[in-house]
Amino acid sequence: MNAKNLIASVLGTAALVLGLSVSAQAGTWDEMPQAEMEQILDTKFADGKYSRQGADGCLMCHRRNDTVMALFDGVHGRADQSKSPMAGLQCEACHGPQGTHRNKSEPMIVFGGDAPLSAEKQNSVCMSCHQGEERMAWHTSTHNLEEVACADCHKVHVAQDPILDKATEVETCTSCHTREKADMNKRSSHPMQWGEMTCTSCHNPHGSMAEADLISFNLNDTCYACHAEKRGPFLWEHQPVVDNCAACHNPHGSVNDGMLTQRAPQLCLDCHQGHNADRDGTSIHTAGQSCLNCHTQVHGSNHPDRAGSKLQR
Ligand code: HEC
Ligand code: HEC
Ligand code: HEC
Ligand code: HEC
Ligand code: HEC
Ligand code: HEC
Ligand code: HEC
Ligand code: HEC
Ligand code: HEC
Ligand code: HEC
């Protein structure tokens, strides 16, 4: 540490101590009455007083915090891009105008799941720069409707946002989605453990036009992107396959082979009820064999004769 930095950091520590004692008086967002909170927020989101010193002023007090300083290792800390926060209002582009934060410790805009500010308010900060094509469906996405914040998934005070890295994306998603986490660790699943595939192979976390925020137009199209051979067309189709792959498969994983929701024959009998019972004892259907031994072409058949129509070859 050179002399200049040392002085700055000593100054910073002194101010931090000062700030802390004042902040104890002024209170934080958590203890603040609703009316007061809204009043301050108005100034943060509308016509607040920005500092003249920009980031330098903030760092007087915050430079000892490693999380804060890591901002400069990531894209938002770069000053060489015209749209970057650092080329404009700097820290205050996200945390809002300083106002009296510096002397009376009025709180700043804070982010993430534990933050007391609504997801909508937090997200409006990010959206002020990120209203691009990629987030066109954000407004109607489940995550927005469920009040998930951008900063619940994204980190900005880091060199590399873990959710943008295929090796760590799934971990972030499954920190909330525990059921899918359990599924993907079952006996048969898509190869998501090592980042070969990830949740975003099928989902758009910013929303989409399809159910379950799937990336393609509908569920089956999402699967055909990688399992093209299942698309057909087949001379003899099996209706549920055309309608919905998830009628038989759990795409997140299953204790059954082939990610089947149930094992045959139960899987088949759910829809083909009484298929065991409707024939007499000599029937092929009560021979105790698996349905799949004979009906091998369960996804559809191109065989021209009657056996094809029964999905047998
Ligand atoms: C005079 C010292 C001082 C200055 C200058 C200052 N802060 Fe703070 N800030 C504090 C203290 C003290 C706290 C409360 C303790 C803490 O959480 O670090 C705080 C809290 C915060 C928090 C909330 C942290 C949390 O975890 O809840 C944010 C965000 C923040 N400051 C951003 C800024 C920004 C941006 C600037 C510049 C515009 C700035 N601060 C300038 C002292 C200061
Ligand atoms: C003042 C404008 C501005 C604000 C406010 C802003 N960003 Fe950014 N953001 C940028 C710029 C510029 C880039 C780099 C160029 C790009 O990818 O668009 C960027 C990039 C990103 C990226 C891609 C990062 C990467 O490594 O490729 C993510 C994710 C992101 N921002 C999330 C957020 C979140 C979350 C917020 C709110 C907490 C936010 N941004 C607020 C300007 C902003
Ligand atoms: C549920 C988690 C989640 C939420 C919530 C979320 N994102 Fe993302 N975001 C991601 C993932 C995952 C990617 C990487 C996408 C990919 O690789 O397909 C991404 C990519 C990005 C990128 C970089 C690539 C691009 O699309 O431009 C930006 C910028 C971004 N998000 C901004 C935002 C903003 C702004 C919000 C809030 C309005 C937000 N995100 C909310 C998970 C999320
Ligand atoms: C692009 C938006 C953005 C910019 C620019 C930004 N921050 Fe943050 N800040 C966040 C978000 C989001 C978090 C929550 C943690 C995270 O995402 O990494 C955060 C967290 C913080 C915290 C709490 C850290 C902790 O220990 O939990 C402080 C303090 C803070 N920022 C200060 C600053 C200062 C000082 C600057 C300028 C040097 C700055 N921020 C610039 C978005 C931003
Ligand atoms: C191979 C494609 C695929 C992958 C990979 C995938 N999903 Fe899904 N997901 C789907 C499909 C298809 C649905 C709709 C299921 C249905 O309708 O039965 C769905 C539904 C969901 C739902 C809604 C569940 C419900 O019951 O409404 C959540 C939450 C979800 N996925 C989270 C995740 C998470 C988290 C990951 C990563 C661990 C992930 N998904 C990976 C295809 C996928
Ligand atoms: C902060 C918690 C959180 C994180 C992190 C998170 N989600 Fe979600 N997600 C939710 C909540 C809450 C819902 C709505 C309730 C539900 O379906 O579980 C939801 C719903 C969904 C759905 C169902 C959409 C629908 O229309 O049925 C999908 C798909 C999904 N998330 C995918 C993802 C993916 C992919 C990631 C990682 C990129 C992710 N989520 C990260 C909280 C989160
Ligand atoms: C991004 C590509 C991709 C998408 C999209 C995709 N899959 Fe897969 N699928 C794979 C890969 C890779 C495997 C593993 C192949 C292997 O292990 O040989 C696989 C395997 C499977 C298996 C066999 C599992 C086993 O244990 O034998 C089933 C069933 C399956 N996928 C169903 C689906 C369904 C249903 C969808 C749509 C909801 C879907 N897949 C979407 C890539 C994908
Ligand atoms: C009527 C139930 C059913 C439906 C609907 C269904 N499958 Fe299957 N799928 C099965 C069965 C049963 C197996 C195991 C076949 C075996 O062991 O020979 C299987 C196996 C698979 C496999 C792994 C073995 C192989 O044949 O490659 C993939 C991949 C697969 N299905 C994808 C899909 C896709 C994609 C869809 C939607 C277009 C779909 N399935 C719809 C019942 C179904
Ligand atoms: C989600 C419901 C559903 C499931 C599960 C299902 N099927 Fe089907 N299956 C249908 C429907 C609907 C038809 C079309 C019925 C018709 O045309 O009369 C059909 C048609 C058939 C046919 C051709 C019938 C004919 O008369 O041409 C056979 C064979 C068949 N299924 C076998 C199976 C087997 C084997 C399984 C288990 C691997 C299975 N099905 C699972 C719904 C289902
Ligand atoms: C030993 C071979 C064999 C086994 C095992 C078998 N099937 Fe069949 N199945 C056939 C043959 C052959 C036909 C065609 C009969 C005909 O042409 O009339 C058929 C016809 C069908 C049909 C068409 C409707 C009908 O009644 O003709 C359905 C649906 C069906 N099987 C479902 C099943 C299910 C569900 C199972 C498992 C519980 C199963 N099959 C087990 C050979 C078998």
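Predicted model: local features only at pLDDT ≥ 70, side-chain atom pairs only at ≥ 80, totals over all residues.
View 1. The NE2 atoms of His62 and His101 coordinate the iron atom of ligand 1 at 2.0 Å, where donors are N, O and S atoms within 2.8 Å of the metal (3.2 Å for Na, K and Ca), and water is not among the atoms, so sites may look incomplete. Because the six donor atoms subtend angles of 87 to 179°, the arrangement is octahedral, a term that requires opposite donors over 155 degrees apart and all other angles between 65 and 115. His62 lies in helix α3 (residues 55-62) and His101 in helix α6 (residues 101-104), so the pair ties together parts that are 39 residues apart in sequence; helices here are DSSP runs (H or I) of at least four residues, numbered from the N terminus.

**View 2. His154 and His206 at the iron atom of ligand 3.** The iron atom of ligand 3 is coordinated at 2.0 Å by NE2 of His154 and NE2 of His206, and its site, with six donor atoms at angles of 87 to 179°, is octahedral. The two histidines are 52 residues apart, His154 in the loop between α9 and α10 and His206 in the loop between α11 (178-184) and α12 (219-224). His154 is partly exposed, with a relative accessible area of 27%, whereas His206 is buried, at 19%.

**View 3. The shell around ligand 6.** Among the 15 residues around ligand 6, those that come nearest are Thr142, His143, Cys173, Cys176 and His177, a residue being near if one of its heavy atoms lies within 4 Å. An N or O atom in the side chain of Thr142 is 2.6 Å from an oxygen atom of ligand 6, while a nitrogen atom of the ligand is 2.8 Å from an N or O atom in the side chain of His177. Helix α10 gives the most to this shell, with three residues.

**Notes to the views.** Residues are numbered from 1 along each chain as its sequence is written, and chains are lettered from A and ligands numbered from 1 in the order in which they are written. Local features need pLDDT of at least 70 and side-chain atom pairs count only at pLDDT 80 or more, while totals for chains, interfaces and linings use all residues, and side-chain values use heavy atoms, with hydrogens and water left out.

Methods:
Polar contact = N/O pair within 3.5 Å; in protein donor to acceptor, adjacent residues only side chain to side chain. Tetrahedral: all angles 85-135°; square planar, octahedral: opposite > 155°, others 65-115°. Buried < 20%, exposed > 50% of the residue type's maximum accessible area, 1.4 Å probe, protein only.
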